[in-house]
Protein chains: 2
Amino acid sequence: MSLTMYQASVPAFLQMLASLSAILDKAEAHAAARKIEPAVLLNTRLTPDMLPLVRQVQLASDFAKGTAARLAGIEPPKYPDTEASFAELKARIAKTVGLVKDIRAAQIDGSEGREITIPIGGQPHKFTGQDYLIKFALPNFYFHITTAYAILRHCGVEIGKRDFLGQFGAE
Amino acid sequence: MSLTMYQASVPAFLQMLASLSAILDKAEAHAAARKIEPAVLLNTRLTPDMLPLVRQVQLASDFAKGTAARLAGIEPPKYPDTEASFAELKARIAKTVGLVKDIRAAQIDGSEGREITIPIGGQPHKFTGQDYLIKFALPNFYFHITTAYAILRHCGVEIGKRDFLGQFGAE
């Protein structure tokens, strides 16, 4: 027995995108309750040379759809990075979830040895599917999910580790 | 073909613990160059009700050793949370890496269906090995690695995404 490439990728994306969407709901409610302009939260950065919340969410979406698509051997769809409200960010997450769910396990399974070449820092980098998922895509995906969460904690939104983890399915 | 439980876990822990140790080197040099007391960085939090850097590093260590050990069916060793310097935190990471490296692939492989029960919020939660790794352990591990990185970015340490990712092994 072992783990399929699908099992090692898609459930993590779906769990964390759902938790991110629920966290954005809480952020939106926090802004409304305290009469904070939503754009203030969307444009908050942990430090001036890090990306703001809106980009962290867009990049979490990009890593989820990009990884699932590339492992399945299909071209990742490009989404324009134009979201300017919580509703639009949540719609992007929902669209990403829809795309990831449309990819069948059979398309991703067996991709551990598939050659995947992506540009990093302007240079093409060649991975096996396995290294791409474990060493590059998952760390990047979690980076942006965690940073989005950290920005909202920093802004005083009442969320905790359980919100971050979402539905992890233990009994 | 597919992925073994070892391939889905240990390489990620080793890559990210190495990157965390290198990031702490840069943080230590930053503190020395700017005559910042190391304890200031070690006790920095992103927000008052989040854990400080020293705890983020200890927890990253705990999730790496706890996960590798539990998947291997052995009791995770407890390390006392007493580190009070960059050198001590790096020693803890090195000790964690040593422990993780000592666990052989054959001990972890086949653990996808193993029952793993851990306390979460004071209640025992039962997972399969697969769910424990993908839905709980990896998100938590990456959460603490990312938060440690974010604290140091927030403190002005000159690190970037490549430092976070470490050696991801693409050509």
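**Reading contacts in a two-chain model**

Tutor: Across the interface of chain A and chain B there are two salt bridges, a salt bridge being a Lys or Arg side-chain nitrogen within 4 Å of an Asp or Glu carboxyl oxygen. The model is predicted, so local features need pLDDT of at least 70 and side-chain atom pairs pLDDT 80 or more, while totals for chains, interfaces and linings use all residues. Residues count from 1 along each chain as written, chains are lettered from A and ligands numbered from 1 in written order, and side-chain values use heavy atoms without hydrogens or water.

Student: Which residue forms a salt bridge with D49(A), and how far apart are the closest N and O atoms?

Tutor: The partner is R153(B), and the closest N and O atoms lie 3.1 Å apart. Over all chains, the same rule gives a count of 18 salt bridges.

Student: Which parts of the chain does the pair D163(A) and K26(A) link?

Tutor: The side chains of D163(A) and K26(A) meet in a salt bridge, with 2.9 Å from N to O. D163(A) belongs to helix α7 (residues 161-165) of chain A and K26(A) to helix α1 (residues 10-33) of chain A, so-called distant parts of the chain, 137 residues apart. Helices are DSSP runs of H or I with at least four residues, numbered from the N terminus.

Student: How many residues does each chain bring to the contact between chains?

Tutor: Chain A brings 43 residues and chain B 45 residues, where contact is heavy atoms within 4.5 Å. About 4300 Å² is buried between chain A and chain B, with 61% of it on carbon and sulfur atoms; buried area is the accessible area (1.4 Å probe) lost on putting two parts together, summed over both. Of the area that chain A buries against chain B, L3(A), K135(A) and R153(A) supply 15%, more than any other three residues.

Student: At what angle do α1(A) and helix α3 (residues 53-71) of chain A pack?

Tutor: They pack at about 160 degrees, with axes 11 Å apart, the axes being lines fitted to C-alpha atoms over the stretch in contact and the angles running from 0 to 180 degrees between N-to-C directions. The helices α1(A) and α3(A) are therefore roughly antiparallel, the term for angles over 145 degrees, as roughly parallel is for those under 35. F13(A), L17(A), L20(A) and L24(A) of α1(A) contact V57(A), A60(A), F63(A), A64(A), T67(A) and A68(A) of α3(A).

Student: In chain B, are α3(B) and α4(B) roughly parallel or roughly antiparallel?

Tutor: The axes of helix α3 (residues 53-71) and helix α4 (residues 86-102) of chain B come within 9 Å and cross at roughly 10 degrees. Hence α3(B) and α4(B) are roughly parallel. Their contact includes V57(B), S61(B) and A64(B) of α3(B) and L89(B), I93(B) and T96(B) of α4(B).

Student: Where does helix α1 of chain B stand relative to α4(B)?

Tutor: Helix α1 (residues 10-33) of chain B packs against α4(B) at about 165 degrees, the axes 10 Å apart. The two are therefore roughly antiparallel. Among the residues that meet are L17(B), S21(B) and L24(B) in α1(B) and L89(B), I93(B) and V97(B) in α4(B).

Technical notes. Angles under 35 degrees count as roughly parallel, over 145 as roughly antiparallel, 65 to 115 as roughly perpendicular and the rest as oblique.
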